[in-house]
Amino acid sequence: MGNFISRDEAFELLKKYNKEPFHIQHAITVEGVMRWYAQKLGYDPEYWGTVGLLHDIDFELYPDQHCKKAPELLKEAGVGDDIIHSVVSHGYGLCSDVKPEHEMEKVLFAVDELTGLIGAAALMRPSKSVMDMELKSLKKKFKDKAFAAGCSRDVIKQGAENLGIELDQLFTDSLEAMRSCEKTVQETMEKYNS
């Protein structure tokens, strides 16, 4: 592992380039989901979480240079090349030609779009929560191309394929992962918005 950046440093760095609550919430959701997957698969949750937190660092200010501006911003902050490679690889085929190689990168590629879809589906529920969301409900939203149209179904399918798992498994795990961090995300956003 290259230069490690603490969670607090990573969050400050994220906030330096991202002000929109939507982008902050997405970043900390992906962070929580990545931590869950790291624990499930036997890896370092701190490291996976940091990559999740920083994955869209350049998106708000440089949407046309997404995954192209990130290396510069991260390098300036002293972030190691391993994290930079992982951050850039999540845009493979969309805005980057860096292929996800490590298991962590494949997970990030798979869950980035999916967390957006699950989050949008949760907002449609009376509870506004993933806690009571069922797999069949998520699958229905996934099939409805007009729902959360910005979330690429092809990327999500490709992500499951890269991981060598069925789509249902990716959905089930990601729902579980989002449940595990929903409260933390809400608390962080309350602090951020106050």
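Glu12 and Lys15 both lie in helix 1 (residues 7–17), 3 residues apart, about one turn of the helix. Helices here are DSSP runs of H or I with at least four residues, numbered from the N terminus. The model is predicted; local features need pLDDT of at least 70, side-chain atom pairs count only at pLDDT 80 or more, and totals for chains, interfaces and linings use all residues. Residues are numbered from 1 along each chain as its sequence is written, and side-chain values use heavy atoms, with hydrogens and water left out.

The side chains of Glu12 and Lys15 form a salt bridge at 3.1 Å, N to O. The term requires a side-chain nitrogen of Lys or Arg within 4 Å of a carboxyl oxygen of Asp or Glu. Glu12 is partly exposed at 48% relative accessible area, and Lys15 is partly exposed at 23%. Buried means under 20% relative accessible area, exposed over 50%, and partly exposed in between (1.4 Å probe, protein chains only).

The structure holds 12 salt bridges. Glu31 pairs with Arg35 at 3.6 Å, N to O. Both lie in helix 2 (residues 21–41), 4 residues apart. Glu31 is buried at 5%; Arg35 is partly exposed at 22%. Asp132 and Arg125 also form a salt bridge, at 3.1 Å. Asp132 is partly exposed, at 37%, whereas Arg125 is buried, at 19%. Shared partners join the salt bridges of Arg7, Glu31, Arg35 and Glu46 into one network.

Asp58 lies in the loop between helix 3 (45–54) and helix 4 (70–76). Asp58 is buried but has no salt bridge; the nearest side chain of opposite charge, Lys68, is 8.4 Å away. Lys and Arg count as positive, Asp and Glu as negative; His and the chain ends are not counted. The side chain of Asp58 does make a polar contact with that of His66, at 2.6 Å. Such a contact is a pair of N or O atoms within 3.5 Å; within protein, one must be able to donate a hydrogen and the other to accept it, and residues adjacent in sequence count only if both atoms are side-chain atoms.

Aromatic pairs number 3. The rings of Tyr43 and Trp48 have centres 4.9 Å apart and planes at 25°, so the pair is stacked. Rings of Phe, Tyr and Trp (its six-membered ring) pair if their centres lie within 6.5 Å; planes under 30 degrees apart count as stacked, over 60 as edge-to-face and the rest as tilted. Trp48 is buried at 3%, whereas Tyr43 is partly exposed at 39%. Phe142 and Phe171 are edge-to-face, at 5.1 Å and 65°.

Technical notes: Helices (H or I, at least four residues) and strands (E, at least two) are DSSP runs, numbered from the N terminus.
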